[in-house]
Structure formats: C-alpha cells, structure tokens
Amino acid sequence: MIVPRAWAKRMAGKALIRTDAVDQVVGRIAAVRAVPSLWLGDAGVDSLIVYGFFKDFSVEVGETLSKLSLSIEGFSEAKTPAPLTIPWENVSGTKPTENADNTSENTSKDTGAVAGVPATQVIADAASVKQRSDILENITIPAINSAVTAANALIKMAGAKADAALADLNAKLLASGIVLDAALANADSKLAAARVTADLAVSQANSRIDAAMTDLNAEANRAQGKDELLDRRIDSLTVITNKNDGEVRALIETERLVRTDDVRAIAQRIDTVVTDYTSRDSVTNTRITTQVTALSAADRALGERIDTVTTEFKAADSATSTRITDSVAALSAADEAIGKRVDSIVTDVITKETATRAEISRVELASSTRDTALGQRIDTVVTDYTGRDSATNTRITTQVTALSAADKALGERIDTVTTDFKAADAATSTRITNAVTALSDADTAIGTRVDALVTDVTTKDTATRAEIGRVELASSTRDTALGQRIDTVTANYQSANTATNTRITDTARAFADADQAIGQRISEVQSSFAPGGGNLISNTDFVTTDGWSENYYPSRPTYGINIAGDPYHPSGENVLSILQLGRVGGGDTYFDWISSPVPVRAGDYVQFSVMCASHRASTQSYLGWRDRDGVVFLYTVGNINTSTESLANDPALFKRSGQLSVQVPPNAVAAFLLMRKLDTYEGQENSYAWFWRPYIGGARQGQNAWNNWSSGSARAVQAATAARVATSITTLTDADSAIGRRIDTVTTDYVSRDSTTNARVDQTVSAMSEGDRALGIRVDGVAAGLTATDTAVRAEIGRVERTSVDRDTALGQRSDTITASLNDARGRLSTVETAVTDGRFAAAQRVSNLEAQVGADLSARIDQRATAIVDPKIGVVTQSVTDLRSAYNGTVATVQQQAGTLVDLAGKATAYVKLLADGGNGVARLSLWSDQFGGAWELVGDGRIGGNLVVDGTITSTKMGASSVQQAMFLTLPGSMSIPYG
C-alpha cells in the first residue's frame with residue numbers, strides 16, 4: 001500500500017552583493033537562525049516563496065562584489081491522518097459498558113492502573129517533581145546564596161578592619177618618623193651648641209696662654225731692671241780647622257741669666273751649637289738652639305722651653321734643609337693652669353729636577369680653671385714631592401679636643417689624611433676624614449663621628465672616583481635616647497665612551513624614650529652604566545640634528561648640516577652650519593645651536609669646547625647651567641674666534657672655543673653647550689659658521705690641557721643601564737603597640753635610542769600588634785615593561801598576603817594577580833583566597849578570574865568562585881560557581897555552571913548541579929538535584945537523542961496531543977505512556 005508522506009519546499013539561491021555590505025547581510029541572516037521566516041526568491045513565482053529557515057549559507061568575498069549562496073528549507077506539509085478505529089469485536093477481553101474508558105477516572109477494570117500504578121499517583125508524582133524544582137529554585141539555592149552573601153559581608157568587614165589597621169600602622173610609622181626626625185634635629189642643635197661652648201673655651205684658653213706668654217716676656221725684660229738682682233753668664237767655645245780643601249768651623253755658646261726681686265724669680269738659659277763645613281762644591285751648616293725659661297711669682301709659675309735644630313746642605317745640584325723646633329710652655333696661677341707644647345719638624349730637599357718637603361707639627365694645649373678643664377692636641381704631617389712631570393702631596397692632620405666644665409664634658413677628635421698625585425697625564429687624590437665628638441652635661445649626652453674617605457684618579461681619557469662616608473650620632477637625655485649611623489659608598493668611573501656609577505647607602509637609626517622605641521634601617525644600592533661618558537653631549541656626529549635646538553635674534557637664519565658643501569667640512573665628518581643673509585647691525589644679534597642638557601654634579605670640574613670655522617663673522621661658545629627647576633641661571637663664556645676666511649675642509653683651520661677646567665656651580669644639576677655665530681661683519685654680505693666636534697667632559701682642578709676628543713654621538717648615549725636595590729626596615733614599640741615593617745625594592749632600567757626597558761621587584765612586609773588587634777601584611781610586586789617606537793609591552797605579577805585578628809574577627813587573605821599586555825591586547829589572571837571567622841561563623845572562599853581582551857570589541861572571561869561555610873543559623877553550605885563569557889562587537893555567549901550542597905539544622909540534605917547555556921537566542925538549562933525525596937533532573941530547551949533511550953519509569957506529558965506525532969515511530973516501553981487529553 002502506498003502512503004502519501006509529508007513533504008517540504010527547498011530552495012537554493014545565489015545573489016551578488018556589494019563587498020562593503022557583506023557584514024550587514026551576514027548579520028541579518030544570522031539574526032534569524034532557528035527562526036521561521038518567509039523567504040522570497042521571486043514574488044511572482046509561488047515555488048520560490050518558502051516559509052521556513054535557512055539550512056546553510058556562504059559568501060565568496062570579492063574586491064567590490066561578493067557572491068552569496070543560501071539554502072532554504074521549508075516546513076513539512078501533510079494531510080491530517082484519519083483517526084484510528086478498531087472494532088471491539090477484534091479486541092479480546094470484556095467490553096466496557098459505555099464502549100469507552102475514561103482513564104483519568106480509572107473506572108475500567110482493565111485500565112485500573114498505569115503499569116500497576118494508579119493514574120492519580122502518576123499525575124501526583126509528576127506534580128511532585130515540579131514542586132521540588134520550585135523548592136530548589138526558590139528556597140534551597142537562595143538559602144545557599146544568602147549564606148555566601150553573609151560570608152562575603154564578613155570578609156568585607158574583616159578586610160575593612162585590616163585596612164584600618166594598616167592605615168593606623170602607616171600613621172604610626174609616619175608619626176614615629178616625625179618624632180625621630182625631631183630628636184635628630186634636637187640632638188644636632190645641642191651638638192652645635194656644645195661645639196660653640198667648646199670653641200669658646202678653647203678661645204679663652206688660647207687667650208690665657210697668650211697673656212701668660214706676654215707676662216713671661218715682660219718679666220724677662222724687667223729682669224734687666226736696676227731694682228733686681230741679676231746674674232748673667234755667657235760661655236763661648238769656637239773651633240776652626242782647615243783640612244785639605246774643606247773648612248770646618250764649630251761654635252758652642254751658652255748664655256745663662258738669673259734674676260730675682262722681692263716678688264718674682266726668673267731663670268733663663270740659651271744654648272747654641274753651630275757647625276759649618278765648606279768644601280769645593282758643597283756647603284753644610286748645622287745649628288742647635290735650646291732656650292729654657294722659668295718664672296715664679298707670688299701667684300703663678302711658668303716654665304718654657306724652646307729647642308731648635310737646623311741642618312742645611314748645599315751641593316752643586318741639590319739643597320737640603322732640616323729644622324726641628326720644640327716649644328713647651330707651662331703656666332699656673334691662682335685660678336688657672338695652662339700648658340702648651342708646639343713641636344715642628346721641617347725637611348727640604350731640592351735637586352735639579354725634584355723638590356721634596358716634609359713637615360711635622362704638633363700643638364698640645366691644656367688648660368684648667370676653677371670650673372673648666374680643656375685639653376687640645378693638633379698633629380700635622382705634610383709631605384710634598386715635585387718632580388719633572390709629577391707632583392705628590394700627603395697631609396695628615398689630627399685634632400683632639402677635650403673640655404670639662406662644672407656641668408658638661410666635651411671631647412672631639414678630627415683626623416684628616418690627604419694625598420695628591422699629579423703627573424703628566426694623571427691626577428690622583430685621596431682624602432680620609434675622621435671626626436669624633438662627644439658631649440655630656442647634666443641631662444644630655446651626645447656623640448658624633450664622621451668618617452670620609454675619598455679617592456680620585458684622572459688620566460688622559462679616564463676619571464675614577466671613590467668615596468666612603470660614615471656619620472654616627474648618639475644622643476641621650478633624661479627621657480630620650482637616639483642613635484644614628486649613615487654609611488655611604490660611591491664609586492664612579494668615566495672613560496672616553498663609558499660612564500659607570502655605583503652607590504651604596506645604609507642608614508640605621510634607633511630611638512627610645514620613656515614610652516616609645518623606634519628602630520629604622522634604610523639600605524640603597526644603585527648601579528648605572530652609560531656608554532659615551534667621555535663626551536656627555538648627545539649626537540656629535542651630526543647625522544641628523546636630533547638633540548640640538550635653535551636660538552636666534554632677531555630673525556631666523558638658515559640652519560642645517562654641511563651648508564656650502566664638501567669644501568666646508570672635514571672629510572668624512574659632518575658639521576652644524578648657519579647661513580646668514582646680509583647684516584642686521586646692532587649689538588643684540590645672535591644665531592645659536594644649543595645641545596640637549598647633560599647631568600652634572602655641583603663641585604665637580606668639567607671641560608667644554610667646540611671647533612669653529614666661519615666666513616665674514618665671528619664665533620663663540622658658552623656653557624649654560626640649569627638648576628633643579630630647569631632655570632638657566634648662569635653662563636660660562638668661551639673665547640671668541642674671528643673668521644677663518646678659508647675653506648673649512650682642513651681640520652687645522654678650525655679654531656677651538658671653550659675652557660679647560662670649570663667648576664660646576666653649587667646650584668647646577670645640568671649643563672648645555674651653546675655654539676654662537678655673531679652678526680655679519682660690517683660692509684660684508686652673506687656670512688657662514690661651521691661647528692665641529694662639540695665636547696663636554698670631566699676635568700680636574702687647574703687642568704691645563706685639552707682632553708682627547710671622543711664621540712658623544714647617538715651611539716654614545718643611546719644606551720643607559722641602571723640598577724637599584726633599596727631596603728627599608730622600621731620597628732616601633734610603645735606602651736600599647738608594636739610595629740615592624742620592611743620594604744625591599746629592586747629596579748633595573750635600560751634605555752636606548754628606540755626602546756626603554758624596566759624591571760621592578762617590590763616587597764613590603766608589615767606587622768602590627770596592639771592590646772586588642774594584630775595585623776600582618778606582605779605585598780609583592782614584579783613588573784617588567786618595554787616601550788619601543790611602536791610597541792608597548794608590560795608584564796606584572798602582584799601578590800598581597802595579610803592576616804588580621806581582633807577580639808571578634810580573624811582574617812587570612814591572599815590575592816594574586818598576573819597581567820600581560822602588548823599594545824591593546826591583554827591577558828589577566830587574578831585569584832583571591834580568604835579564610836574568616838567571627839567565632840560563630842566560619843567561611844573559606846576562593847575567587848579567580850581569567851580574562852583575555854584585544855581592543856574594546858573582543859573579550860573572553862572565566863570567573864570561578866568556591867565557598868565553604870559553617871553557619872549555626874543555616875547549617876553547612878558549599879557552593880561553586882563558574883561563569884564563561886565570550887563577547888564580540890555586542891554579541892555575547894555565556895555558560896554558567898553552579899553546584900552546591902546544604903545540610904540544614906534539621907538534618908535535611910540537598911545537593912544540586914545546574915548548567916545553563918545562553919547563545920543570545922534562547923536558553924538551555926539542565927538541573928540535577930537530590931534531596932530527602934530522592935533524585936530528580938530538569939531539562940529546558942529543545943533536545944535530541946542520538947542513541948537509544950531506555951525508560952524504566954513512566955513518561956507523563958501534559959503537552960502532547962493525540963495527533964501531534966506526525967511521523968511513524970516505534971517505541972519499546974517496559975512501562976506505559978499516558979497522554980491525558982485537554
């Protein structure tokens with residue numbers, strides 16, 4: 001038998017569309033996917049009018065026109081089948097009385113059950129599944145969400161407390177730093193006052209010594225008076241001999257003087273020993289003088305001794321001299337005692353090409369009065385050597401001062417060692433300074449020590465400098481104690497084309513008072529390297545004018561490179577040029593090339609110059625100085641050069657303008673070179689200037705030769721490298737709190753002509769404890785960045801770990817963030833893990849986010865949250881939520897997966913899993929759950945089973961009608977199918 005089946009229209013069409021409209025057409029077609037629509041191939045042909053949906057489509061994109069291929073499938077059409085009628089005589093069994101059975105009432109004997117289950121129970125079971133689904137959606141899941149919300153609120157509150165504690169910690173650290181700085185300032189002021197007092201005491205002691213010496217001399221003179229008893233004796237012994245060609249003479253003379261009167265007594269002795277030797281080519285002389293003086297009076301006693309030893313040697317090509325002087329003075333009076341000693345040793349040697357001098361001097365001073373005692377010692381050792389091509393000097397100075405008064409004691413020692421070496425092409429200097437000061441009075445004690453070590457070496461093309469400095473300060477008063485130490489180590493190296501710098505700074509401070517103690521340590525290590533350190537100026541090859549600017553008055557001339565061609569610049573090298581048409585006249589006319597500023601250090605010495613050539617005009621150079629605000633406050637003037645009036649391709653014709661050695665002013669932080677062309681000579685027409693080999697570089701004091709020129713071109717300054725390590729440690733304790741903090745920073749920088757690279761590692765660790773709360777926090781950051789001409793790349797890793805406790809809350813939290821970006825493309829991963837409790841409620845949570853984005857239109861994101869909660873009001877709860885999201889130009893697709901478990905206080909348990917997918921045109925959802933009633937699931941959305949379906953239970957449908965199945969089907973059901981009408 002032939003059975004007419006259902007059929008449907010199908011249509012395949014092609015069309016030409018504009019290429020610029022492809023996106024719009026594709027978007028319109030995609031918007032009606034899975035949506036029944038009316039498709040018109042040709043409105044006049046019924047076969048080309050289809051109501052259905054597109055099956056597939058494609059677009060072949062061309063330059064101006066594109067081809068669209070579209071396949072449409074309509075809905076199937078078939079006649080309604082006739083109702084199936086089976087005569088009862090063909091049905092075995094008892095015939096119902098009404099020839100029919102109303103299954104819903106379950107009145108027929110043969111249909112009294114559906115698979116053995118009453119129909120009412122089957123319907124009730126179906127309704128129960130719906131009811132349990134509503135309970136899950138409206139009660140269970142909201143309860144779990146409420147518990148998670150409460151956990152988030154507790155985490156937020158605990159985090160706010162931790163933030164407040166951290167703010168308090170920062171405030172206390174700031175306050176303690178202010179207190180520490182105030183204590184340092186107070187200690188410095190007391191130290192300055194103590195030094196003033198000490199200087200005054202020393203000045204007074206010197207005045208007393210000078211007065212005592214004046215009295216001594218006056219008494220010695222008065223000893224010649226007529227009213228005094230005088231005894232004077234002079235002994236003299238002379239020996240003269242002549243042996244061969246040399247003459248020798250020796251003289252020994254002693255003069256004694258004694259004088260007494262009613263109130264005083266004076267004794268004086270002067271011994272003199274003289275030896276002379278004269279030969280054909282040399283002369284030698286030695287002299288020893290000793291003078292001893294003693295004075296006693298009714299109220300004072302004074303003793304003085306002066307010894308002098310002198311030796312001289314003179315030969316045909318050398319001269320030597322040695323002198324030793326020893327002076328000792330002592331004075332005592334009713335209310336003062338003063339002692340003074342001066343030692344001096346001098347040696348000179350002079351040959352044809354060298355000169356050497358050594359000098360040692362010592363001054364010792366002691367003074368005591370009724371309420372003051374002072375001791376002072378100054379030692380000086382000086383050695384000089386001067387040869388044909390070098391000069392060396394060494395100086396050692398030691399000054400020791402001690403002062404005690406009725407209510408204070410002060411001790412100070414200053415040591416200075418200086419060594420200088422100067423040769424034809426090198427200069428070396430070393431300086432060591434050690435200053436130690438101690439002060440104590442009735443309620444204050446201060447100690448200060450300053451050590452400094454400096455070494456300099458300068459050769460023809462290199463400069464090296466090393467410095468070590470230490471400052472130690474200690475101060476204590478009745479209720480405060482302060483200690484501070486600062487160590488600094490600096491090393492610099494500069495050669496013809498490199499500059500290297502390393503600096504280490506260590507500062508340690510400790511402070512304690514009646515109710516507070518603070519400790520702090522700050523360490524910094526810095527290192528930098530920059531090629532091109534010999535010549536600090538950028539772009540001296542003049543391939544371009546980058547790094548050079550123009551400055552002129554009153555009108556702009558012609559600026560350029562190699563103006564006037566090859567005859568006017570050295571072969572193979574470039575020059576900056578200026579061409580002026582005509583003459584302006586007047587004294588304020590100038591036309592300048594100005595370099596970019598270069599860094600300088602106040603007190604150092606630099607050299608600047610430029611080689612100049614000109615035609616019908618003069619040239620000149622200047623070195624400009626900028627302060628920290630960028631303001632030009634001073635110019636150092638180079639010499640003026642007149643016109644060369646020759647071809648400028650001969651390097652020998654260029655004239656230099658500049659200065660050999662200039663000290664950097666105190667306020668300067670940067671310098672720049674200004675190269676100036678002056679106005680055209682009177683009576684001339686056009687004028688030119690050419691500038692070649694500009695230079696700014698290191699120099700030494702008094703340098704009298706030009707440095708060898710080195711290129712500072714873009715190659716010389718295109719790369720700069722710097723590294724920095726810093727550590728700051730602070731501790732604070734007071735009556736009710738304790739704080740500790742450490743900050744570590746590591747930074748590296750690299751800068752070249754077309755890229756900048758930076759890497760930085762930061763770590764901050766803080767801890768605070770008080771009577772009712774404690775906080776611990778650690779922050780780590782790692783970042784690397786690259787900025788090039790057309791690229792910006794950055795990668796960052798950040799971590800924050802903190803713990804916080806108070807009387808009613810405990811919080812532990814860790815946050816990690818990883819970010820990578822390249823221009824407008826970015827990837828980011830963040831995770832926050834938290835554990836919190838308030839004694840009644842406990843929760844643990846982990847939140848993570850993964851994100852990728854390119855521009856503003858393309859983004860992908862995954863969010864995950866897992867929470868575990870124990871709440872006595874609700875029960876025990878766990879929940880995990882995962883969200884996936886993709887977006888492009890306003891079109892969004894999402895997937896959410898949610899799972900949770902709940903055991904309430906009544907012992908009831910629920911577990912569920914929900915999966916939801918949303919592509920923008922509809923939602924598909926699958927829910928599975930298990931509770932005290934058993935397991936269940938729910939599916940929302942269209943479905944298809946590709947394999948076999950086996951159902952062991954009952955299928956109940958409230959939507960399927962008797963004629964709703966349009967195609968033949970075969971079912972094998974162990975149970976039964978119930979299709980209620982209506």
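Guide: A residue is buried under 20% relative accessible area, exposed over 50%, and partly exposed in between (1.4 Å probe, protein chains only). This is a predicted model, in which local features need pLDDT of at least 70 and side-chain atom pairs count only at pLDDT 80 or more, while totals for chains, interfaces and linings use all residues. Residues are numbered from 1 along each chain as its sequence is written, and side-chain values use heavy atoms, with hydrogens and water left out.

Visitor: Why is Arg583 called partly exposed?

Guide: Arg583 has a relative accessibility of 39%. That value lies between the limits of 20% and 50%, so the term is partly exposed.

Visitor: What makes Arg583 and Asp679 a salt bridge?

Guide: A salt bridge requires a side-chain nitrogen of Lys or Arg within 4 Å of a carboxyl oxygen of Asp or Glu. The closest N and O atoms of Asp679 and Arg583 are 3.7 Å apart, so the pair qualifies. It links distant parts of the chain: Asp679 lies in the loop between β31 (670-677) and β32 (687-699), and Arg583 in the loop between β24 (576-580) and β25 (590-595), 96 residues apart. Asp679 has 10% relative accessibility and therefore counts as buried.

Visitor: Why can such side chains pair at all?

Guide: Side chains of opposite charge can pair when their charged atoms come close. In the whole structure, a search finds 34 salt bridges.

Visitor: What makes Arg778 and Asp780 a salt bridge, and is each residue buried or partly exposed?

Guide: The N to O distance here is 3.1 Å, so this pair also meets the definition. Arg778 is partly exposed at 35%, while Asp780 is buried at 18%.

Visitor: Why is Lys156 called exposed?

Guide: The relative accessibility of Lys156 is 67%, which is over 50%, so the residue counts as exposed. Lys156 is found in helix α2 (residues 119-222). Helices (H or I, at least four residues) and strands (E, at least two) are DSSP runs, numbered from the N terminus. The protein chain has three helices and 48 strands.

Visitor: What makes β1 and β2 edge strands?

Guide: The open sheet of four strands has the order β1-β4-β3-β2, with antiparallel pairing. β1 (10-18) and β2 (37-40) each have a single partner strand, so one side of each is left without a neighbour in the sheet.

Visitor: How do you know that helix α1 packs on the sheet?

Guide: Helix α1 (residues 22-31) touches β1, β3 (49-60) and β4, where contact means heavy atoms within 4.5 Å.

Visitor: How many of the residues are buried?

Guide: Buried residues make up 31% of the 982 residues in the protein chain.

Key:
Pairing = 2+ DSSP bridges. Axes fitted to C-alpha atoms, helices over the stretch in contact; angles between N-to-C directions.
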